[in-house]
Amino acid sequence: MKSLKFTTCIMVAAAVLMMALPVSAVAGNVYKLGLSLAITGPTSDAGNPYAKGVEDYFRYVNDMKLLGDDTIECTIRDDKYETSITKRNFEEYLDMGIVFYLNYSTGSTLALKRDFDEVKMPTMPASFHAGNIEGSDYIFLPIASYSAQAIGLAEYLVRKHEGKTPKVAMFIHPSAFGRGPVEDIEKSIKAGLDIEIVEVVEHGQDLDNTAMLQRWKSKNVQYVISQTVQSPVAGMLKDASRLGLVAGKFGEKDKITFLGAHYTGGNDLIALAGDAAENFYWTTSYIVTSEPGAGADAQLALAKRYGRDDKAANSHNYANGVMVAQVAAEAIRRAKARGNEINKETLYQEMLEMNGMNAFYPVTTVGPVTYSKDDHQGVDTLQLYAVQDGEFRAVGKPFIPEYTEKIKK
Amino acid sequence: MTYFFQLVVSGIVVGSIYALAAIGFVLIYKSSRVLNIAHGQIIAAGAYITYALTVWCQIPIYISFVLSMIVTFFLAMSVERIFLRRLIGEPIISVIMVTIGLMSIIDGLIYLTPFGSENFSFPAFLPTEPVVFAGIYISYTQIVGVIITFLLIGIFSWFFKKSTVGISMRAVSDDQMASMSIGISVPRVFGLAWACAGLTAAAAGGIIGNITGLNFETLHAFGIIVFPVVILGGLDSLPGAVAAGIIMGLIQQFASGYLDGNFGLNGTANLLPYIILLVILLFKPHGLFGTHEIERV
C-alpha cells in the first residue's frame, strides 16, 4: 500500500514537473519570423497568393518535421502597401524576437533599408528592385533584379531580331519600382547591347492607349519592354490587339512584340487581358504550373495539401512566397545542422555561404539560389515564357543575362 | 490625318466614359451639395455585381448589366437612408467625412470577397475584331460603351427637364427650404439622387471593367480620375459633365499623341488635364457650366 502511494506521488510529481518545464524543452525550439505585405490594398493581387505561399511552406516544414522538433512561427501581417504600417509591423516583429524578416514592396524596402542594416536583420523582400541591395548588407533579393530581367529580355530580342538595330520602347510604372531598369538598360547599350530605346513611357491610369501605340507605330517601334504590374499591361495589350499591332510571332515585321518582367505577367495578366495576352513574352526566375515538371507538381501538391483554390495554386506569386519561405527554412536547417544557435547573425552567415557547392535549389525556381558577400541576388537564372493558347509556355532554356555583369565593371 | 481622327475618336470614347462616371458625382451634388468621395468604390461594386451575375449566376451579360444597375440603385439608396439621411442639416464637412468613411467600409467589404485581391475579366460577348472605318479603329466594346453613355445621359437630361420627380430634384438643388414649403420631400429627393448615382456608377463600372479588366485598384481609381472632369464641367451641371468629359478625353489623347515622346516631354497626357483645370478655375471658379451663385449679405 505504501509503495503504491509512493509510486502515485512520483507519477504526480513527474507530471507536474513536465507541465512546469518550458514548452521548448518538450516540443523543441520555436523560431520566429515576420512577413509584412499587402494582403489588401494596391498590389494585393500579388500579395495575397504570396502570403499563402509563405504560410503553406512554413506549415509544411512544421507538419513534416523538417526541422525535427523545432518549429517556425511566421507572423504574417497586412500592411496595405503603406510604408508606415510596414515600419510599425517590422518594429513589432523585432519586439517579438524574429530571426529573419520577409518584406514586400519596393517603397518600404528602400525606406527601411537602414533599419534592416542597423538591427542586422537578414531580410528578403518580394521586390526585385536592384536599388534595394545597393548599400545594404542585409537585404537579399530572391531572384534576378528587375534590371537583370529587362536586360535579359533585351538580350533575347537582340538575338532573335532580324535586320537593323531593333527599336524598343519601355513601358514602366511611375515609381522607383518601374524606373529601376531604365538606367541599367541604358548602361547596357553603352556597353554594346545593340538596341535603340525610342521612348520610355511612365503610364497613368489610361482607359485608352491608342495615341501612345499609334505614336510608337509612327516611330517604328518593334518591341516594348514593360516593367510594371499586370493591369496597365493588359490595357495596352487590349488596345494593341484592337489596332492590329500585336506581333503574331516574335519580331514579326511591321508589328510590335510585347515583353515584360516578373510582375507584368502570370495568370493574372491572362485573366485581365484575355485573348489579347497571346504572344506576350514574359520572364521570371520562377516555374509556372502550365509547364509540367517536378517543381509544378510540388507547388500544386503543397497548395492542395493546405486547401488552396486553383487560382492561388497556379499563381507565380504563390511560387514566389513558397520560394522565400524555403530559403529562410533552409538557412535555419543549415545553421541547425552546424550546431549553431538560431539567431539573426547565424542565419545571415548561412545566407552568405549559400553558394558554390552550398547553393540551394528550391522547387519553384528555374535555377539555384546563390548568395555571397558580394552577391545578394538569389536566382540569377531566368526563363522566358510566352502566352500560347491562353497559357504561359516556356520558350527556350533558362539563361543568365550577360550584360548584368558587363555593366558592373 | 487618319492619325488625327483616330485620336479624336479615342478621345470621344474615353471622354464619354469619363462623363458617365462623372454623372454620379453631379447627381448627388446637384441635389444635396454633397461630394461623394466613395463614388469610385460604387463604380467598382457595380462592375463586380455585373461580373458575379454573369459568371457565377450564368445570367446573360446584357441582363446582368441591367440587373447590376438595379441592384446598385437600391444599394446606393440604402446607403443614403442608413448613413446620410440623419446628417441632413449638419455641416457639409461632416457629410463628406461620412463618405470618406463609407469609402473605407466598401473597400473593406470588397476585400472580403475574391474581387479585392484577384483579377478577372468579363467573358467576351462582342466580336473581338474591331470596326475599321477609313483607317480608324474602334472596338465593339467602345462603341457599346459610348452608346450606353449617351443613352443614359439622354435619359437623365429628359428626366431632369420633363419628369415631375426630376423637376422636384432640381427644385431641391436650387432651394431646399422653398422646395419643402411647396411639399417636396427633400429626404426622398436625396435618396433618389443617390440611387440614380448608384445606377450610373454601375453602368460606368460595367463599361470600364469590360475595357480594362476587373482589377479593384484600377476600377476604384476612376472615382478620383474623373474628379477634374466634374470640377471642370461644374459640379452641378449634367451637360457640363458630358462636355468636360469629352474635353478631358480629347486633351489626354492629343497630349499623348502629339506631345509625349516629343520635345523631351513625357506624361503630359496625365498632367495636362490638371493644368487646364487650374487655368479654367482661375477664370471660371464654378467650372464651365456650373451655377454661379451670388450671395447677398
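Is Glu80(B) buried or exposed? In this predicted model, where local features need pLDDT of at least 70, side-chain atom pairs count only at pLDDT 80 or more, and totals for chains, interfaces and linings use all residues, Glu80(B) is buried, with a relative accessible area of 1%. Residues are numbered from 1 along each chain as its sequence is written, chains are lettered from A and ligands numbered from 1 in the order in which they are written, and side-chain values use heavy atoms, with hydrogens and water left out. Buried stands for under 20% relative accessible area, exposed for over 50%, and partly exposed for the range in between (1.4 Å probe, protein chains only).

Salt bridges were examined next. The term denotes a side-chain nitrogen of Lys or Arg within 4 Å of a carboxyl oxygen of Asp or Glu. Side chains of opposite charge can pair when their charged atoms come close. Over all chains, the whole structure holds 24 salt bridges. Glu80(B) takes part in one of them, with Arg85(B), at 3.0 Å from N to O.

In chain A, Asp56(A) and Arg308(A) form a salt bridge at 2.8 Å, N to O. This pair links distant parts of the chain, 252 residues apart. Asp56(A) sits in helix H3 (residues 44-63) of chain A. Arg308(A) sits in the loop between helix H11 (294-305) and helix H12 (310-313) of chain A. Helices (H or I, at least four residues) and strands (E, at least two) are DSSP runs, numbered from the N terminus. Asp56(A) counts as buried because its relative accessibility is 0%.

Another pair in chain A is Lys65(A) with Asp69(A), whose closest N and O atoms are 4.0 Å apart. Lys65(A) is exposed, at 52% relative accessible area. Asp69(A) is partly exposed, at 45%.

The interface was then characterised. Chain A and chain B bury about 2900 Å² between them, 50% of it on carbon and sulfur atoms. Buried area is the accessible area (1.4 Å probe) that two parts lose on being put together, summed over both. In chain A, Gln205(A), Leu207(A) and Arg242(A) lose the most area to chain B, together 25% of what that side buries. The contact (heavy atoms within 4.5 Å) takes 33 residues from chain A and 39 residues from chain B.

Between the two chains, the count is 1 salt bridge. Lys311(A) forms a salt bridge with Glu118(B), with closest N and O atoms 3.6 Å apart. At H8(A), 5 residues go to the side of chain A that touches chain B, the most given to that side.

Two further sites lie in chain B. Thr99(B) belongs to helix H4 (residues 92-111) of chain B. Thr99(B) counts as buried because its relative accessibility is 0%. Leaving aside neighbours within four places in sequence, Thr99(B) is in contact with residues including Val34(B), Leu84(B) and Trp194(B).

Tyr62(B) lies in helix H3 (residues 61-84) of chain B. Tyr62(B) counts as exposed because its relative accessibility is 53%. Together with Ile63(B), Val66(B), Leu67(B), Ile70(B) and Phe74(B), Tyr62(B) forms a nonpolar surface patch with about 560 Å² of accessible area. Patches are made of residues with over 30% relative accessible area and no salt bridge; like charges are joined within 9 Å, nonpolar side chains (Val, Leu, Ile, Met, Phe, Trp, Tyr) within 5 Å. Accessible areas come from the Shrake-Rupley method with a 1.4 Å probe; for residues, only the protein chains shown count as cover.
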